[in-house]
Each structure stands twice: as structure tokens, then as C-alpha cells.
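Here are my notes on the model, as numbered points. Please read them with the structure open.

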Amino acid sequence: GVFNFEGGCYAKTIRLSPTAEPEIYGACRTWGTILENVVLDDLRRPDFDDARYTENGRAAYPLHYIPNASDTSRGGQPKNVVMLTADAFGVLPPIARLTPEQAMYHFISGYTAKVAGTEKGVTEPQATFSTCFGAPFMPRHPAVYGEMLRDRLAKTGARCWLVNTGWTGGPYGVGHRMPIAATRAMLRAALSGALDKGTWRTDPCFGLQVPTQVPGVEAKILDPRRTWADPAAYDAQAEKLVGMFIDNFTRFADHVDEAVRAAGPKVPA
């Protein structure tokens, strides 16, 4: 099953909002929480919107500050596996259902964006491929962990989702971040099984299954191309990102089978 061995929680605090993230916001303002790089006002109240020194503000707080947290740190066998990415190109759909082979491909690829506040010198999002979404901590070849994931998905019947919390309506600098409310609505629908009753489309570049409707989410958001003012610019950006995926995976192609190689994105004909 799944488990957590950290025994606590930490969060980025920049622009933390009681509306978007009420539980974390409340925990970060509770006595006993440790704040780092967070500006305090004259009454020692944290100002999470103040980035005068850095955007890399952090908070560490006890697990029991979060309602409904498990005190055993164990969750049993999951029915759903969610992989998070933040696409700064504004190309990936906000949620997609993956086959076991696609899950292995994207897990090995580990595509996301470095954002301001996560690494020194990063002032705007930069696309990056971090193998298994945590390359420095993986001692064995990435294909080993990818096979483990694929086998677990097949054995347990768990569904795998790729959730993109990055940009919509254009790339960084043109579009805007995916609304948290929309992401939460999509996750609720996925975890509850509500999406199973709907219709799906196949993304032409990435081959992923994308829902056409999600309760509480504007349908246009589910199709990134429709959110761009210039569809041709989207096509060019999508082709660029697909090329980055293909180039990155050449490092792993000889270590996986044909089904996984075929699960990757392709430049539309």
C-alpha cells in the first residue's frame, strides 16, 4: 500500500490564500508552525503575499494541524494514482487518464517546470525533465521504478491520472495558472468515479485520454488548444514540447519495451 514516513507537513507560502488553500493557510498561522523566509508585520503576523526578499517562503507544521489527516501515516492500496506536473508551455491538458504504459513513460520522463522559489536563480518557469519526478533520490535505473509502477497498476487495477497545474490560455507570460478550484473539481470527479460516466477524447499530440466534461469546470479548459487566442501558435508550441519529450526519452528507449516507447507523444501528421 501507500505510506508516509515524514511525520509532518511543509508548504510553500508565497501567495497562500485562505480561499484557495484554507487548511494549509490556517495551519501556517497556528502557534508551533515554523516559518522560513516569510515576512512578518509589526504585530508578527505573516504576510504571505510579500516577496520582497524571496518567493521561496516555507512553513513546517504538525500533521494534526490538517483536518482528516491520518495518524497512522498508512493508506492501504490506492484506487487512484495521481502524477502532478506544471506545464509552463500551456500545452498539456489539465487532467488525463493514463494506460499503465503511458504511466510508466511519464513517470520515467518526469516532465514539469521549475518555478520561481524552488531553486536559486530561477525567476520564471523553466521546463525540465526530472526522472521519476525525483531524479537525485533514485539509486537504480529509472526503468526499474517504471516497471514497478506498471506492475502495481496492473496488479491492483488502480487508475493513473496526469494532472497539470501549470498554465492555461497560453504559455508562461501569456496565459495564467490553472485555477485551483478547477483542479480540485477535476480531482474530485476522478477520485469519485464521476468521470467514468462521461465521454473522452484522445489528445492528438500526447495520445492521452481527456474528459470532455467535468462537473463545475468550464469545458474549454479541458481542451488547451481552445483556450489559446491563436490556435496555430498552440500547434507550434505543442510540436516543440513533443520534440522535447522525444529527445529526452532517447536516454531510456533501450531500457523499456516497445509498448512503453509507443506510449509517448508524437508529432501530429
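1. The largest nonpolar core has 36 residues, and within this core Leu98, Phe206 and Leu241 touch the most other members. The model is a predicted one, and the points below should be read with that in mind. Two or more residues of this core come from each of strand S9 (95–98), helix H2 (100–109), helix H3 (142–156), strand S12 (159–164) and helix H6 (231–249). H6 gives the largest share, six residues.

2. Which residues does Leu98 contact, once neighbours within four places in sequence are left aside? They are Met83, Ala103, His106, Cys160, Trp161, Leu162 and Leu208.

3. Another core lies apart from the largest one and has 15 residues. Trp161, Ala189, Ile221 and Leu222 are among its members. Trp161 is also one of the residues in contact with Leu98.

4. The protein chain is divided into domain 1, residues 2–65, and domain 2, residues 80–263. Taken over C-alpha atoms, the centres of the two domains are 27 Å apart.

5. Why is H2 described as largely enclosed by the rest of the structure? Eight of its 10 residues are buried, so the description follows from that count. Buried here means under 20% relative accessible area. After H2 comes Gly110, with a positive phi near 65 degrees.

6. How do H2 and H6 sit against each other? Their axes come within 10 Å and cross at roughly 85 degrees. That angle makes H2 roughly perpendicular to H6. On the H2 side the contact is made by Tyr105, His106, Ile108 and Ser109, and on the H6 side by Phe245, Ile246, Asn248 and Phe249. By type, the residues of this contact are five nonpolar, three polar and no charged.

7. Two residues deserve a check of their backbone angles. Most residues other than glycine have a negative phi. Asn68, which is not a glycine, has a positive phi near 70 degrees. Asn68 is placed in the loop between strand S6 (58–62) and strand S7 (74–76). Its relative accessibility is 83%, so Asn68 counts as exposed. Phe133 is the other residue to check: its phi is positive, about 55 degrees, and it is not a glycine either. Phe133 is in the loop between strand S11 (126–129) and H3. At 30% relative accessibility, Phe133 counts as partly exposed.

8. The loop between S6 and S7 also holds Ser70 and Ser73. Ser70 is partly exposed because its relative accessibility is 33%. Between the C-alpha atoms of Ser70 and Gly134 there are 24 Å in space, with 64 residues of separation in sequence. For Ser73 and Gly7, the C-alpha distance is 7.5 Å and the sequence separation is 66 residues. Not counting residues up to four places away in sequence, Ser73 touches Val2, Phe3, Asn4 and Leu63.

9. Glu21 is in the loop between strand S2 (8–12) and helix H1 (22–28). Is this residue buried, partly exposed or exposed? With a relative accessible area of 23%, Glu21 is partly exposed. Beyond residues up to four places away in sequence, Glu21 touches Leu16, Ile180 and Arg184. The C-alpha atoms of Glu21 and Ile180 are 8.6 Å apart, although 159 residues separate the two along the chain.

10. Glu6 lies in the loop between strand S1 (2–3) and S2. Its relative accessible area is 62%, so Glu6 is exposed. Glu6 and Thr250 are 244 residues apart along the chain, and their C-alpha atoms are separated by 34 Å.

Definitions and conventions. Residues are numbered from 1 along each chain as its sequence is written. This is a predicted model: local features need pLDDT of at least 70, side-chain atom pairs count only at pLDDT 80 or more; totals for chains, interfaces and linings use all residues. Side-chain values use heavy atoms; hydrogens and water are left out. Domain bounds come from an automatic or database domain assignment. A nonpolar core is a set of buried Ala, Val, Leu, Ile, Met, Phe, Trp, Tyr and Cys residues joined through side-chain atoms within 4.5 Å. Buried means under 20% relative accessible area, exposed over 50%, partly exposed in between (1.4 Å probe, protein chains only). Helices (H or I, at least four residues) and strands (E, at least two) are DSSP runs, numbered from the N terminus. Contact means heavy atoms within 4.5 Å. Axes are lines fitted to C-alpha atoms, for helices over the stretch in contact, and angles run from 0 to 180 degrees between N-to-C directions. Angles under 35 degrees count as roughly parallel, over 145 as roughly antiparallel, 65 to 115 as roughly perpendicular and the rest as oblique. Ala, Val, Leu, Ile, Met, Phe, Trp, Tyr, Cys and Pro count as nonpolar, Asp, Glu, Lys and Arg as charged, and the others, Gly among them, as polar.
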